[in-house]
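Q: Could you take a close look at one part of this structure with me, and then walk me through what surrounds that topic?

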Amino acid sequence: MLVLGIETTCDETAAAVVRKNADGQGEILSNIIYSQLDEHREYGGVVPEIAARAHVELLDKVIRRAMTEAGVRYSQLDGIAAAAGPGLIGGVIVGLTTAKALALVARKPLIAVNHLEAHALTIRLTHRIGFPYLLLLVSGGHTQLISVEDVDRYTFIGGTVDDAIGEAFDKTAKMLGLPYPGGPEVERCAAAGDPTRFTLPRPMIGRPEPNFSLSGLKTALRVEAERIAPLTEEDVANLCASFQAAVVDIVVDRIRVALGLLRNSAWKPRALVVAGGVGANRTIRGALEAVTIDAGTPLLLPPPELCTDNGAMIAWAGIERLARGMTDSLDTSPRSRWPLGASVAA
Ligand code: KG4
Ligand code: ZN
(Lines give C-alpha, C1' and ligand atoms only; values in the text may rest on other atoms or scores of the structure.)
(Ligands and ions follow the chains in the order given, each with its own letter.)
Protein backbone atom coordinates (compact mmCIF):
# COMPACT_ATOMS: atom_id res chain seq x y z
CA MET A 1 0.00 0.00 0.00
CA LEU A 2 1.45 3.32 -1.15
CA VAL A 3 0.16 6.73 -0.04
CA LEU A 4 1.16 10.37 -0.56
CA GLY A 5 0.69 12.49 2.58
CA ILE A 6 0.37 16.29 2.72
CA GLU A 7 0.77 18.42 5.88
CA THR A 8 0.01 22.17 5.97
CA THR A 9 -1.78 22.79 9.29
CA CYS A 10 0.83 25.08 10.86
CA ASP A 11 4.20 26.40 9.66
CA GLU A 12 5.63 23.29 8.01
CA THR A 13 4.91 22.67 4.33
CA ALA A 14 5.44 18.94 4.04
CA ALA A 15 4.80 15.98 1.76
CA ALA A 16 5.90 12.35 1.94
CA VAL A 17 5.41 9.01 0.28
CA VAL A 18 5.06 6.04 2.63
CA ARG A 19 4.63 2.37 1.84
CA LYS A 20 3.21 -0.40 4.01
CA ASN A 21 5.00 -3.59 3.11
CA ALA A 22 3.53 -7.09 3.05
CA ASP A 23 4.90 -7.77 6.55
CA GLY A 24 2.89 -4.81 7.88
CA GLN A 25 5.91 -2.57 8.43
CA GLY A 26 5.96 1.01 7.23
CA GLU A 27 8.69 2.38 4.99
CA ILE A 28 9.27 6.07 4.33
CA LEU A 29 10.22 6.48 0.66
CA SER A 30 10.48 10.28 0.91
CA ASN A 31 9.78 12.89 3.58
CA ILE A 32 10.17 16.49 2.42
CA ILE A 33 9.69 19.24 5.01
CA TYR A 34 10.00 22.94 4.38
CA SER A 35 9.98 24.73 7.72
CA GLN A 36 8.83 28.35 7.45
CA LEU A 37 10.97 29.47 10.42
CA ASP A 38 12.63 32.32 8.51
CA GLU A 39 9.27 33.70 7.36
CA HIS A 40 7.96 33.96 10.93
CA ARG A 41 11.10 34.62 13.01
CA GLU A 42 10.92 38.42 13.01
CA TYR A 43 7.36 38.24 14.43
CA GLY A 44 8.36 35.87 17.24
CA GLY A 45 5.65 33.36 16.30
CA VAL A 46 3.60 31.93 13.44
CA VAL A 47 1.56 34.53 11.50
CA PRO A 48 -1.44 32.68 9.93
CA GLU A 49 -1.68 34.81 6.76
CA ILE A 50 2.04 34.52 6.05
CA ALA A 51 1.87 30.75 6.66
CA ALA A 52 -1.06 30.29 4.25
CA ARG A 53 0.68 32.29 1.51
CA ALA A 54 3.91 30.34 1.97
CA HIS A 55 2.02 27.03 1.73
CA VAL A 56 0.50 28.18 -1.59
CA GLU A 57 3.93 29.09 -2.93
CA LEU A 58 5.77 26.00 -1.69
CA LEU A 59 3.40 23.05 -1.71
CA ASP A 60 3.58 22.10 -5.42
CA LYS A 61 7.39 21.99 -5.29
CA VAL A 62 7.43 20.04 -2.02
CA ILE A 63 5.00 17.44 -3.42
CA ARG A 64 6.95 17.15 -6.69
CA ARG A 65 10.15 16.53 -4.72
CA ALA A 66 8.47 13.94 -2.50
CA MET A 67 7.20 12.03 -5.58
CA THR A 68 10.53 12.28 -7.42
CA GLU A 69 12.61 11.21 -4.44
CA ALA A 70 10.31 8.25 -3.81
CA GLY A 71 10.54 7.36 -7.51
CA VAL A 72 6.80 6.71 -7.85
CA ARG A 73 4.13 7.86 -10.31
CA TYR A 74 0.64 8.98 -9.32
CA SER A 75 -0.79 5.90 -11.02
CA GLN A 76 1.09 3.70 -8.52
CA LEU A 77 -0.44 5.37 -5.45
CA ASP A 78 -3.29 3.72 -3.55
CA GLY A 79 -4.48 6.99 -2.05
CA ILE A 80 -3.78 10.64 -1.37
CA ALA A 81 -3.94 11.82 2.25
CA ALA A 82 -3.96 15.36 3.58
CA ALA A 83 -4.32 16.83 7.05
CA ALA A 84 -7.85 18.29 7.05
CA GLY A 85 -7.41 19.90 10.50
CA PRO A 86 -7.15 20.92 13.24
CA GLY A 87 -4.92 23.88 12.51
CA LEU A 88 -4.64 27.31 10.92
CA ILE A 89 -7.51 27.26 8.47
CA GLY A 90 -5.72 29.02 5.58
CA GLY A 91 -3.00 26.39 5.49
CA VAL A 92 -5.44 23.50 5.92
CA ILE A 93 -7.46 24.74 2.92
CA VAL A 94 -4.29 24.84 0.77
CA GLY A 95 -3.25 21.27 1.64
CA LEU A 96 -6.70 19.69 1.47
CA THR A 97 -7.66 21.41 -1.80
CA THR A 98 -4.40 20.33 -3.40
CA ALA A 99 -5.00 16.74 -2.27
CA LYS A 100 -8.54 16.82 -3.67
CA ALA A 101 -7.29 18.06 -7.04
CA LEU A 102 -4.64 15.33 -7.19
CA ALA A 103 -7.14 12.66 -6.12
CA LEU A 104 -9.59 13.78 -8.78
CA VAL A 105 -7.06 13.87 -11.60
CA ALA A 106 -5.25 10.66 -10.61
CA ARG A 107 -8.58 8.93 -9.78
CA LYS A 108 -7.36 7.88 -6.35
CA PRO A 109 -9.21 7.84 -3.02
CA LEU A 110 -8.85 10.89 -0.78
CA ILE A 111 -8.12 10.38 2.91
CA ALA A 112 -8.86 13.45 5.05
CA VAL A 113 -6.64 12.91 8.08
CA ASN A 114 -6.98 14.43 11.53
CA HIS A 115 -3.54 15.92 12.30
CA LEU A 116 -3.80 14.72 15.92
CA GLU A 117 -4.65 11.19 14.78
CA ALA A 118 -1.55 11.28 12.60
CA HIS A 119 0.60 12.19 15.63
CA ALA A 120 -1.13 9.42 17.58
CA LEU A 121 -0.43 6.69 14.99
CA THR A 122 3.14 7.67 13.99
CA ILE A 123 4.67 5.24 16.46
CA ARG A 124 3.13 2.33 14.49
CA LEU A 125 5.09 3.45 11.44
CA THR A 126 8.39 2.93 13.24
CA HIS A 127 7.55 0.32 15.91
CA ARG A 128 5.48 -2.83 16.06
CA ILE A 129 2.96 -1.83 18.69
CA GLY A 130 -0.65 -2.88 19.05
CA PHE A 131 -3.49 -0.98 20.69
CA PRO A 132 -4.16 0.35 23.26
CA TYR A 133 -1.49 2.81 24.33
CA LEU A 134 -1.38 6.14 26.14
CA LEU A 135 -0.28 9.09 24.02
CA LEU A 136 1.30 12.23 25.45
CA LEU A 137 1.00 14.83 22.72
CA VAL A 138 3.09 17.88 23.58
CA SER A 139 3.64 20.54 20.94
CA GLY A 140 3.33 24.29 20.45
CA GLY A 141 -0.42 23.99 19.97
CA HIS A 142 -1.40 20.88 21.94
CA THR A 143 -0.90 19.31 25.35
CA GLN A 144 -3.09 16.23 25.64
CA LEU A 145 -3.18 12.76 27.07
CA ILE A 146 -5.11 10.43 24.81
CA SER A 147 -5.93 6.75 25.13
CA VAL A 148 -5.32 5.35 21.65
CA GLU A 149 -7.63 2.34 21.43
CA ASP A 150 -7.75 1.71 17.68
CA VAL A 151 -7.67 3.66 14.44
CA ASP A 152 -10.50 6.19 14.72
CA ARG A 153 -11.04 5.27 18.37
CA TYR A 154 -9.60 7.66 20.95
CA THR A 155 -10.49 8.75 24.45
CA PHE A 156 -9.42 12.12 25.76
CA ILE A 157 -7.87 11.54 29.19
CA GLY A 158 -6.62 15.01 30.04
CA GLY A 159 -5.29 18.21 28.57
CA THR A 160 -4.19 21.74 29.31
CA VAL A 161 -6.73 24.20 30.64
CA ASP A 162 -4.70 27.14 29.32
CA ASP A 163 -1.33 27.20 27.47
CA ALA A 164 0.27 24.28 25.63
CA ILE A 165 3.66 23.23 27.03
CA GLY A 166 5.51 24.21 23.84
CA GLU A 167 3.76 27.57 23.94
CA ALA A 168 4.93 28.05 27.54
CA PHE A 169 8.50 27.28 26.46
CA ASP A 170 8.17 29.75 23.57
CA LYS A 171 6.70 32.50 25.78
CA THR A 172 9.39 31.95 28.42
CA ALA A 173 12.06 32.30 25.76
CA LYS A 174 10.50 35.50 24.45
CA MET A 175 10.26 36.95 27.96
CA LEU A 176 13.95 36.22 28.54
CA GLY A 177 15.04 37.66 25.19
CA LEU A 178 15.87 34.29 23.60
CA PRO A 179 15.14 33.67 19.89
CA TYR A 180 12.14 31.83 18.38
CA PRO A 181 11.33 28.92 18.52
CA GLY A 182 12.01 29.04 22.22
CA GLY A 183 11.87 25.40 23.31
CA PRO A 184 15.33 24.34 22.15
CA GLU A 185 16.82 27.67 23.38
CA VAL A 186 15.33 27.28 26.86
CA GLU A 187 16.66 23.71 26.98
CA ARG A 188 20.13 24.89 25.91
CA CYS A 189 20.26 27.70 28.50
CA ALA A 190 18.82 25.46 31.22
CA ALA A 191 21.78 23.10 30.83
CA ALA A 192 24.02 25.82 32.30
CA GLY A 193 21.62 26.85 35.07
CA ASP A 194 20.64 25.88 38.59
CA PRO A 195 17.11 24.38 38.62
CA THR A 196 16.73 25.12 42.36
CA ARG A 197 17.70 28.80 42.15
CA PHE A 198 14.06 29.99 41.80
CA THR A 199 11.04 28.43 43.46
CA LEU A 200 8.31 28.32 40.83
CA PRO A 201 4.79 26.89 41.23
CA ARG A 202 3.78 23.48 39.85
CA PRO A 203 0.08 23.98 39.03
CA MET A 204 -2.22 20.90 39.05
CA ILE A 205 0.27 18.64 40.84
CA GLY A 206 -1.58 16.23 43.10
CA ARG A 207 -4.93 16.74 41.37
CA PRO A 208 -6.80 13.47 40.64
CA GLU A 209 -7.69 14.30 37.03
CA PRO A 210 -4.68 14.38 34.67
CA ASN A 211 -5.01 17.93 33.37
CA PHE A 212 -2.28 20.52 32.88
CA SER A 213 -2.04 24.24 33.57
CA LEU A 214 0.93 26.35 32.56
CA SER A 215 -0.16 29.97 32.77
CA GLY A 216 0.50 30.40 36.52
CA LEU A 217 4.02 29.07 36.06
CA LYS A 218 4.62 31.49 33.21
CA THR A 219 3.36 34.43 35.30
CA ALA A 220 5.51 33.42 38.28
CA LEU A 221 8.53 33.31 36.00
CA ARG A 222 7.78 36.80 34.71
CA VAL A 223 7.45 38.15 38.27
CA GLU A 224 10.85 36.65 39.23
CA ALA A 225 12.49 37.96 36.06
CA GLU A 226 11.12 41.48 36.65
CA ARG A 227 12.17 41.40 40.29
CA ILE A 228 15.85 40.74 39.51
CA ALA A 229 16.09 42.69 36.22
CA PRO A 230 18.38 43.54 34.47
CA LEU A 231 19.11 39.89 33.83
CA THR A 232 22.62 38.51 33.54
CA GLU A 233 23.40 35.46 31.41
CA GLU A 234 23.55 33.46 34.63
CA ASP A 235 20.09 34.70 35.69
CA VAL A 236 18.64 33.63 32.32
CA ALA A 237 20.22 30.17 32.68
CA ASN A 238 18.86 29.80 36.23
CA LEU A 239 15.38 30.96 35.21
CA CYS A 240 15.36 28.51 32.26
CA ALA A 241 16.55 25.65 34.46
CA SER A 242 13.97 26.44 37.17
CA PHE A 243 11.17 26.69 34.57
CA GLN A 244 12.16 23.41 32.90
CA ALA A 245 12.36 21.64 36.27
CA ALA A 246 8.81 22.79 37.09
CA VAL A 247 7.54 21.54 33.70
CA VAL A 248 9.25 18.18 34.23
CA ASP A 249 7.64 17.79 37.68
CA ILE A 250 4.22 18.66 36.25
CA VAL A 251 4.53 16.24 33.32
CA VAL A 252 5.80 13.39 35.51
CA ASP A 253 2.98 13.84 38.04
CA ARG A 254 0.27 14.05 35.36
CA ILE A 255 1.57 10.93 33.58
CA ARG A 256 1.65 9.05 36.85
CA VAL A 257 -2.01 9.97 37.48
CA ALA A 258 -3.07 9.03 33.92
CA LEU A 259 -1.30 5.66 34.06
CA GLY A 260 -2.89 5.02 37.46
CA LEU A 261 -6.37 5.79 36.08
CA LEU A 262 -5.96 3.46 33.11
CA ARG A 263 -4.15 0.65 34.90
CA ASN A 264 -7.34 -1.07 36.01
CA SER A 265 -9.45 -0.15 32.99
CA ALA A 266 -10.28 -2.13 29.85
CA TRP A 267 -7.76 0.10 28.07
CA LYS A 268 -4.68 -0.63 30.17
CA PRO A 269 -1.96 0.86 27.97
CA ARG A 270 0.78 -1.34 26.54
CA ALA A 271 3.09 1.68 26.44
CA LEU A 272 3.41 5.41 26.90
CA VAL A 273 4.03 7.05 23.53
CA VAL A 274 5.26 10.63 23.18
CA ALA A 275 4.63 12.86 20.16
CA GLY A 276 5.06 16.55 19.35
CA GLY A 277 8.02 18.93 19.33
CA VAL A 278 8.43 19.11 23.12
CA GLY A 279 9.14 15.37 22.99
CA ALA A 280 12.57 16.37 21.67
CA ASN A 281 13.51 17.85 25.09
CA ARG A 282 16.16 15.59 26.62
CA THR A 283 15.36 16.43 30.24
CA ILE A 284 11.67 15.66 29.69
CA ARG A 285 12.54 12.43 27.82
CA GLY A 286 14.80 11.38 30.71
CA ALA A 287 12.13 12.07 33.31
CA LEU A 288 9.53 10.12 31.29
CA GLU A 289 11.90 7.19 31.09
CA ALA A 290 12.15 7.17 34.88
CA VAL A 291 8.40 7.43 35.51
CA THR A 292 7.55 4.67 33.02
CA ILE A 293 10.17 2.31 34.45
CA ASP A 294 8.62 3.01 37.83
CA ALA A 295 5.12 2.24 36.53
CA GLY A 296 6.23 -0.85 34.60
CA THR A 297 4.92 0.61 31.32
CA PRO A 298 7.36 0.77 28.40
CA LEU A 299 8.15 4.22 26.93
CA LEU A 300 8.18 4.52 23.15
CA LEU A 301 9.54 7.62 21.44
CA PRO A 302 9.40 8.15 17.70
CA PRO A 303 12.64 9.56 16.24
CA PRO A 304 12.74 13.37 16.82
CA GLU A 305 12.18 14.15 13.10
CA LEU A 306 8.86 12.29 13.27
CA CYS A 307 7.88 14.00 16.57
CA THR A 308 7.56 17.38 14.87
CA ASP A 309 5.09 18.00 12.03
CA ASN A 310 5.82 16.07 8.83
CA GLY A 311 4.14 14.50 5.81
CA ALA A 312 5.10 10.90 6.64
CA MET A 313 2.77 10.84 9.64
CA ILE A 314 -0.12 12.01 7.45
CA ALA A 315 0.68 9.39 4.80
CA TRP A 316 0.90 6.67 7.47
CA ALA A 317 -2.44 7.68 9.07
CA GLY A 318 -3.83 7.59 5.51
CA ILE A 319 -2.55 4.03 5.12
CA GLU A 320 -4.04 2.96 8.46
CA ARG A 321 -7.44 4.39 7.48
CA LEU A 322 -7.35 3.15 3.89
CA ALA A 323 -6.56 -0.36 5.14
CA ARG A 324 -9.86 -0.21 7.04
CA GLY A 325 -11.78 1.13 4.07
CA MET A 326 -12.03 4.65 5.50
CA THR A 327 -11.90 7.14 2.64
CA ASP A 328 -13.46 10.58 2.24
CA SER A 329 -15.50 12.34 -0.41
CA LEU A 330 -14.25 15.34 -2.36
CA ASP A 331 -16.67 17.65 -0.55
CA THR A 332 -14.95 17.03 2.83
CA SER A 333 -14.52 20.35 4.64
CA PRO A 334 -11.32 21.64 6.24
CA ARG A 335 -11.63 22.12 10.00
CA SER A 336 -9.78 24.56 12.25
CA ARG A 337 -11.03 22.66 15.33
CA TRP A 338 -11.28 18.88 15.39
CA PRO A 339 -10.79 17.23 18.78
CA LEU A 340 -9.81 13.58 19.06
CA GLY A 341 -12.07 11.41 21.16
CA ALA A 342 -14.81 12.18 23.62
CA SER A 343 -13.87 13.46 27.04
CA VAL A 344 -13.91 11.05 29.96
CA ALA A 345 -13.26 13.89 32.38
CA ALA A 346 -16.37 14.97 34.25
O1 KG4 B 1 5.18 19.61 17.07
P2 KG4 B 1 5.83 20.92 16.75
O3 KG4 B 1 6.99 20.94 15.82
O4 KG4 B 1 4.82 21.92 16.11
C5 KG4 B 1 3.55 22.16 16.57
O6 KG4 B 1 3.43 22.95 17.55
O7 KG4 B 1 2.61 21.58 15.98
O8 KG4 B 1 6.22 21.56 18.16
C9 KG4 B 1 6.86 22.80 18.25
C10 KG4 B 1 6.94 23.18 19.70
C11 KG4 B 1 7.42 24.60 19.92
O12 KG4 B 1 6.62 25.23 20.89
C13 KG4 B 1 8.85 24.39 20.40
O14 KG4 B 1 9.31 25.44 21.23
C15 KG4 B 1 8.74 23.09 21.16
O16 KG4 B 1 7.86 22.31 20.39
N17 KG4 B 1 10.03 22.44 21.28
C18 KG4 B 1 10.66 22.22 22.46
C19 KG4 B 1 11.91 21.63 22.15
N20 KG4 B 1 11.99 21.51 20.78
C21 KG4 B 1 10.82 22.01 20.28
N22 KG4 B 1 10.28 22.47 23.72
C23 KG4 B 1 11.13 22.12 24.70
N24 KG4 B 1 12.35 21.59 24.49
C25 KG4 B 1 12.78 21.32 23.23
N26 KG4 B 1 13.98 20.79 23.01
ZN1 ZN C 1 1.58 18.73 15.16
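A: Let's start with one cysteine in this predicted model. C307 is buried, with a relative accessible area of 0%. Does C307 pair up with another cysteine, or stay on its own? A disulfide needs two cysteine sulfur atoms within 2.5 Å. For C307 the nearest cysteine sulfur belongs to C10, and that sulfur is 16 Å away, so C307 is in no disulfide.

Now try C240, which is also buried, again with a relative accessible area of 0%. Here the nearest cysteine sulfur is that of C189, at 4.6 Å.

Next, the metal. The zinc ion (ligand 2) is held by H115 (NE2), H119 (NE2) and D309 (OD), at 2.1 to 2.2 Å. Along the sequence, these donors follow the spacing H-x3-H-x189-D. That makes H115 and D309 a pair linking distant parts of the chain, 194 residues apart. H115 sits in helix α4 (residues 115-121), while D309 lies in the loop between α11 (304-307) and α12 (311-322). Both count as buried: H115 has a relative accessible area of 3%, and D309 has 15%.

For a contrast, head out to the surface. L104, V105 and L330 form a nonpolar patch there, with about 320 Å² of accessible area together. L104 belongs to helix α3 (residues 89-106), and this leucine is exposed, with a relative accessible area of 56%.

Methods:
Residues are numbered from 1 along each chain as its sequence is written. Chains are lettered from A and ligands numbered from 1 in the order in which they are written. This is a predicted model: local features need pLDDT of at least 70, side-chain atom pairs count only at pLDDT 80 or more; totals for chains, interfaces and linings use all residues. Side-chain values use heavy atoms; hydrogens and water are left out. Patches are made of residues with over 30% relative accessible area and no salt bridge: like charges are joined within 9 Å, nonpolar side chains (Val, Leu, Ile, Met, Phe, Trp, Tyr) within 5 Å. Accessible areas come from the Shrake-Rupley method with a 1.4 Å probe; for residues, only the protein chains shown count as cover. A salt bridge is a side-chain nitrogen of Lys or Arg within 4 Å of a carboxyl oxygen of Asp or Glu. Helices (H or I, at least four residues) and strands (E, at least two) are DSSP runs, numbered from the N terminus. Buried means under 20% relative accessible area, exposed over 50%, partly exposed in between (1.4 Å probe, protein chains only). Donors are N, O and S atoms within 2.8 Å of the metal (3.2 Å for Na, K and Ca); water is not among the atoms, so sites may look incomplete.
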